[in-house]
Amino acid sequence: MTTPLTLAPGRGPDGAERLAVCGEIDMSNAGRLAEALDGRPGPLVVDLTEVEYLDSAGLSVLFAHAKRLVLVVPPLLEPVLTVSGLAGLATVRRSGDRDAPQG
């Protein structure tokens, strides 16, 4: 059985490409996330606010695109991104921060 994952592409109010992600990202569905990121060239805001679980397969996908991503994350995911080293490669904004990309 596949872990629930919803991917909603769009644009923010500033016109920036955006991908809202909801659910859990693990080995069973990381390929779907990879396809969504591969299909969107250039800078991309990835809103992980509604992600409840992120394992190493999901992190690997994000690492592959890190230099072009702005990750909007809930407090629960901040330590995961920091310990993994992803926060040092991608731009990370905490959800709810005034300067976090919205949309």
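Reader: Why is arginine 11 called exposed?

Author: Exposed denotes a relative accessible area over 50%, buried under 20%, and partly exposed in between (1.4 Å probe, protein chains only). Arginine 11 has a relative accessible area of 54%, and is therefore exposed. The model is predicted: local features need pLDDT of at least 70, side-chain atom pairs count only at pLDDT 80 or more, and totals for chains, interfaces and linings use all residues. Residues are numbered from 1 along each chain as its sequence is written, and side-chain values use heavy atoms, with hydrogens and water left out.

Reader: What makes the contact of arginine 11 and glutamate 17 a salt bridge?

Author: The term requires a side-chain nitrogen of Lys or Arg within 4 Å of a carboxyl oxygen of Asp or Glu. The N to O distance for arginine 11 and glutamate 17 is 2.8 Å, so the pair meets the criterion.

Reader: Why is glutamate 17 called buried?

Author: The relative accessible area of glutamate 17 is 18%, and this residue is therefore buried.

Reader: Which residues are linked with Glu17 in a network of salt bridges?

Author: The network links Glu17 with Arg11 and Arg40. The side chains of arginine 40 and glutamate 17 meet at 2.3 Å, N to O.

Reader: Why does arginine 18 count as buried?

Author: Arginine 18 has 6% relative accessibility and therefore counts as buried. Aspartate 47, at 16% relative accessibility, counts as buried too. The side chains of arginine 18 and aspartate 47 meet in a salt bridge of 3.0 Å, N to O.

Reader: How many salt bridges does the structure hold?

Author: The structure holds four salt bridges.
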